[in-house]
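Please look through the sequence and the three-dimensional structure shown here before reading on. The briefing is meant to be read alongside them, one topic at a time.

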Amino acid sequence: MSHIPPLDPNVAARKGFRESEERLKRFWAAVDVVEGEGGWAVTLDGRTPKTPAHARLVLPTGAAARLVADEWAAQGEFIDPATMPATRLASTAIDRVSRVREAVADEIAAFSGSDLLCYLAEHPTALVAEQVRDWTPWRDWAAIELGVVLEPAEGICHRAQDPAAIARVRDLALRLDDFALTGLAMATPLLGSAVLALALQRGRLSGEAVFDLSRLDEAFQERQWGVDAEAADRTAARRAEAGLLDRWFRALTAL
């Protein structure tokens with residue numbers, strides 16, 4: 001079982017920012033970001049809101065705090081948790097990931113054992129050519145820049161990867177602070193790839209580009225057979241999540 005909740009807006013909307021069926025009415029006028037002890041706090045009329053576990057909503061950079069503050073500022077008469085993904089990321093980092101870092105890193109590393117970039121189609125030839133062209137550079141990047149050497153295979157049969165590569169991914173995850181680790185833990189299952197998630201976290205790929213790489217197969221099938229409205233909506237929601245994670249990582253490294 002995953003140690004972090006999904007960013008899926010439908011799940012978030014059902015659960016809410018707090019566990020309640022009651023709609024919470026907006027209770028503030030002014031939203032701001034204030035530097036103080038422990039980092040940058042979001043403030044509502046001068047007071048810092050609390051996470052679901054009642055911790056102060058304090059982030060490591062002003063840009064990250066502003067990303068969260070903008071979500072609070074954009075709320076209407078009632079709070080809509082589905083429109084507050086950065087707030088959920090921050091709360092998850094503070095309340096949950098900070099307490100289970102090792103387990104979260106294990107989950108991320110496990111993805112590298114069956115990383116999307118290592119599973120090439122057997123056919124059709126055109127899809128295989130796209131995968132070789134677009135995925136090989138990122139396996140090479142992982143090997144050269146991250147020290148993560150993963151071997152590709154054809155078809156869906158599992159190919160065991162070098163335990164040293166999986167351990168290296170785990171080590172890279174644990175070097176991150178709680179906020180970046182939370183983002184990486186969200187990005188990895190979204191993309192099906194620890195390598196792509198690390199490329200996003202390190203700013204080597206944008207959210208748009210990394211999401212396109214993660215769905216080469218889907219896009220190929222859509223070009224052949226078309227796409228229905230429901231599938232298009234799902235894709236748009238996942239693309240928006242990748243974009244949010246891109247902004248999250250960039251905000252965490254901003255001065």
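The model is a predicted one, and its protein chain holds 11 helices and 5 strands. The radius of gyration of the chain is 19 Å, close to the 18 Å that the globule rule gives for 255 residues, so the chain is as compact as a globular protein of that length.

**The chain as a whole**

- Taken along the principal axes, the box filled by the C-alpha atoms of the protein chain is roughly 60 × 40 × 35 Å.
- Of the 255 residues in the protein chain, 47% are buried.
- Among the contacts in the protein chain with a separation of 6 or more, 66% are between residues 24 or more positions apart.

**Helix α4 and what covers it**

- The buried residues in α4 are V104, A105, I108, A109 and S112, and because they cover an arc of only 135° around the axis, they lie on the same side of α4.
- An α-helix has 3.6 residues a turn, so residues three or four places apart point the same way.
- The cover over the buried residues of α4 includes α6 (163-174), α7 and α8 (194-201).

**T182 in helix α7**

- T182 is placed in helix α7, which comprises residues 178-191, and T182 counts as buried because its relative accessibility is 0%, where the cut-off for buried is under 20%.
- The side chain of T182 comes to 2.7 Å from the backbone oxygen of D178.
- Once its neighbours within four places in sequence are left aside, T182 has contacts with L89, T92, A93 and V97.

- D178, whose backbone oxygen is reached by the side chain of T182, counts as partly exposed because its relative accessibility is 21%.
- Another salt bridge is formed by the side chains of E145 and R204, at 2.7 Å from N to O, and this pair also links distant parts of the chain, with E145 in helix α5 (residues 125-146) and R204 in the loop between α8 and α9 (207-214), 59 residues apart.
- E145 is partly exposed because its relative accessible area is 45%, and R204 is partly exposed as well, with a relative accessible area of 40%.

**A network of salt bridges**

- A network of salt bridges links R215, E218, E222 and R238.
- Within it, R215 and E218 form a salt bridge in which the closest N and O atoms are 3.5 Å apart.

Notes:
Residues numbered from 1 in each chain as written. Predicted model: local features only at pLDDT ≥ 70, side-chain atom pairs only at ≥ 80, totals over all residues. Heavy atoms only, no water. Helix = DSSP H or I, 4+ residues; strand = E, 2+ residues; numbered from the N terminus. Buried < 20%, exposed > 50% of the residue type's maximum accessible area, 1.4 Å probe, protein only. Polar contact = N/O pair within 3.5 Å; in protein donor to acceptor, adjacent residues only side chain to side chain. Contact = heavy atoms within 4.5 Å. Arc of directions from axis to C-beta. Salt bridge = Lys/Arg side-chain N within 4 Å of Asp/Glu carboxyl O. Rg over C-alpha atoms; globule rule 2.2 N^0.38 Å.
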